[in-house]
Amino acid sequence: MVYTEEYLKEKLTKELEAVHVEVVDESDGCGGKFVALIVSDKFQGKPLLARHRLVNSVLQEELKTIHAFTQKTLTVDQWKAQN
């Protein structure tokens, strides 16, 4: 299955109760390559590695066929401070 930006965005939003998700498809012919920004209070109190593991667990099946997945994970407070 080929995954789309919208599919990944919807799944991450639902599973992580995210208030903001951006997914950009940067595929260049080598297979699925995505960059994501995920803003969720489920990341509160978790170090970066734990946040990434949480995202990876949500996309466990998808990551079997996605070639590259880069993620930036922020809490709502961190996101507000950046904007």
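User: Which helix gives the largest share of the negative patch?

Analyst: This is a predicted model, in which local features need pLDDT of at least 70, side-chain atom pairs count only at pLDDT 80 or more, and totals for chains, interfaces and linings use all residues. Residues are numbered from 1 along each chain as its sequence is written, and side-chain values use heavy atoms, without hydrogens and water. A patch joins like charges within 9 Å, using residues with over 30% relative accessible area and no salt bridge; areas follow Shrake-Rupley with a 1.4 Å probe. Here helix H1 (residues 5-16) supplies the largest share, 3 residues. Helices are DSSP runs (H or I) of at least four residues, and strands (E) of at least two. The patch consists of Glu-5, Glu-6, Glu-10, Asp-25 and Glu-26.

User: What does Glu-62 form a salt bridge with?

Analyst: A salt bridge requires a Lys or Arg side-chain nitrogen within 4 Å of an Asp or Glu carboxyl oxygen. The partner of Glu-62 is Lys-11, with the closest N and O atoms 2.9 Å apart. Glu-62 lies in the loop between H2 and S3 and Lys-11 in helix H1, so the pair ties together parts 51 residues apart in sequence.

Terms used: Patches are made of residues with over 30% relative accessible area and no salt bridge: like charges are joined within 9 Å, nonpolar side chains (Val, Leu, Ile, Met, Phe, Trp, Tyr) within 5 Å. Lys and Arg count as positive and Asp and Glu as negative; His and the chain ends are not counted. The place of a charge is taken as NZ of Lys, CZ of Arg, CG of Asp or CD of Glu.
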